[in-house]
Amino acid sequence: MKRIKSEYGDVMVYRDADEVAHAAADTLVEIVSGVLADRDVARVALAGGSTPKAMYKLLASPAYRERVEWRRVEIFFGDERCVPPDHPDSNYRMARQALLDHVPLGADRVHRIAGERPPPEAAAAYQQALMRACGERPRLDLVLLGMGPDGHTASLFPGTAVLDERNLLAAPVWVDKLESWRVTLTVPVLSAAAHVVIVTAGEEKADALGKALDGARGAVPITLVRAAEERWIVDEAAAQKWRGRD
Ligand code: 6PG
């Protein structure tokens, strides 16, 4: 592994997606344990998409399951597709099947985005849920993020108005190219997190990662997120076009 400092936080470059999954699982264990050393509950926002699935499965495995006090973890989501919770595209479903069903979380400690509801309603309800759990100005302890080939993260897609949203905590987003609605946490909430960990792998992410890490802040949506501590866990294939790595 190579650790390289960048304007956007430390970037850890691993050989492949499997090493990325292990490093991401170890990072969650490290950060959550650190929070729980001082506080009763650690608040974690999970990423959607496909990349984090391997990490979630690891965390649910015998090798990792006991390394986190899951009863003291509160789960949120960075974004959701506007589908029912049992739909194949649901981020909640993916996280539930890979992790949440396999660890001893408190019943009321999983806050999913109600993708089955009309998007504005689902967003407003999630904002309420976030404020009930975390107060007027939510400060999550750990936010896990992925990155799309266009540099989007959560459902903060290039060219969407939500990129400029500074008041709402959660917002509905119509994504033209996907012809579908999403609900996403907004830049201020993601940026208010104590720790943001970006996990991405594969050559299809190389253009976006290069633009993100070599470019000006906001050149792609993922670098609009500016948290107290940011870490990037990536593989060689994703980092191949990043000039700053040399
Ligand atoms: C989603 C995610 C999204 C994801 C990227 C990367 O709901 O899809 O929140 O931001 O992290 O699209 O997705 P992959 O990991 O599948 O490449």
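In which helix is the place of Leu 190? Select Leu 190 in your viewer and you will find it in helix α6, which runs over residues 187–191. Before going on, note that this is a predicted model.

**Stop 1**

Keep Leu 190 selected and show the surface of the protein. Leu 190 counts as buried because its relative accessibility is 0%, and buried means under 20%. Leu 190 and Leu 105 are 23 Å apart in space, and 85 residues separate them in sequence.

**Stop 2: helix α1**

Next, select residues 17–36, which make up helix α1.

Ala 23 has its place in helix α1. With a relative accessible area of 7%, Ala 23 is buried. Select Met 1 as well: its C-alpha atom is 9.7 Å from that of Ala 23, and the two residues are 22 apart in sequence.

Val 35 also lies in helix α1. Is Val 35 buried or exposed? Its relative accessible area is 11%, so Val 35 is buried. Then select Asp 141. Val 35 and Asp 141 are 106 residues apart along the sequence, yet their C-alpha atoms are 7.3 Å apart in space.

**Stop 3: the ligand**

Now select the ligand and display the residues around it. There are 15 residues around the ligand, and those that come nearest are Ser 50, Thr 51, Asp 79, Ala 154 and Lys 205. Colour this shell by residue type: two of its residues are nonpolar, nine are polar and four are charged.

Which side chains have an N or O atom 2.6 Å from an oxygen atom of the ligand? The side chain of Ser 50 is one of them: one of its N or O atoms is 2.6 Å from a ligand oxygen. The side chain of Thr 51 has an N or O atom that is also 2.6 Å from an oxygen atom of the ligand. Next, select His 152, where an N or O atom of the side chain is 2.7 Å from an oxygen atom of the ligand. On its own, the ligand has 420 Å² of accessible area, and the protein covers 89% of that.

Hide the ligand for a moment and look at the space it leaves. That space is the largest pocket.

**Stop 4: the loop between β6 and β7**

Select strand β6 (142–145) and strand β7 (170–175), then the loop between them, where Thr 153 lies. Several residues of this loop can be visited in turn.

Begin with Pro 149, which lies in this loop between β6 and β7. Pro 149 is exposed, because its relative accessible area is 52% and exposed means over 50%.

Move on to Thr 153. Its relative accessible area is 0%, so Thr 153 is buried. Where does a polar atom of the Thr 153 side chain find a backbone oxygen 2.7 Å away? That backbone oxygen belongs to Gly 146.

Ala 154 lies in the loop between β6 and β7 too, and it is among the residues that come nearest to the ligand. Check its backbone angles: Ala 154 has a positive phi of about 45°, although it is not a glycine. With a relative accessible area of 13%, Ala 154 is buried.

Ser 155 is found in the loop between β6 and β7 as well. Its relative accessible area is 0%, so Ser 155 counts as buried. Show its side chain together with that of Arg 182: a polar contact of 2.9 Å joins the two.

**Stop 5: the loop between β7 and β8**

Finally, select strand β8 (180–185) and go back to the loop between β7 and β8, where Glu 179 lies. What is phi of Glu 179 near? The value is near 45°, which is positive in a residue other than glycine.

Definitions and conventions:
Residues numbered from 1 in each chain as written. Predicted model: local features only at pLDDT ≥ 70, side-chain atom pairs only at ≥ 80, totals over all residues. Heavy atoms only, no water. Near = heavy atom within 4 Å. Polar contact = N/O pair within 3.5 Å; in protein donor to acceptor, adjacent residues only side chain to side chain. Areas by Shrake-Rupley, 256 points an atom, 1.4 Å probe, with all protein chains shown as cover. 1 Å grid on protein atoms, 1.4 Å probe; cavity = no way out; pocket = protein on both sides within 12 Å on 5 of 7 lines; lining within 4 Å. Sits in = over half its atoms within 2 Å of the grid points. Nonpolar A, V, L, I, M, F, W, Y, C, P; charged D, E, K, R; others polar. Helix = DSSP H or I, 4+ residues; strand = E, 2+ residues; numbered from the N terminus. Buried < 20%, exposed > 50% of the residue type's maximum accessible area, 1.4 Å probe, protein only.
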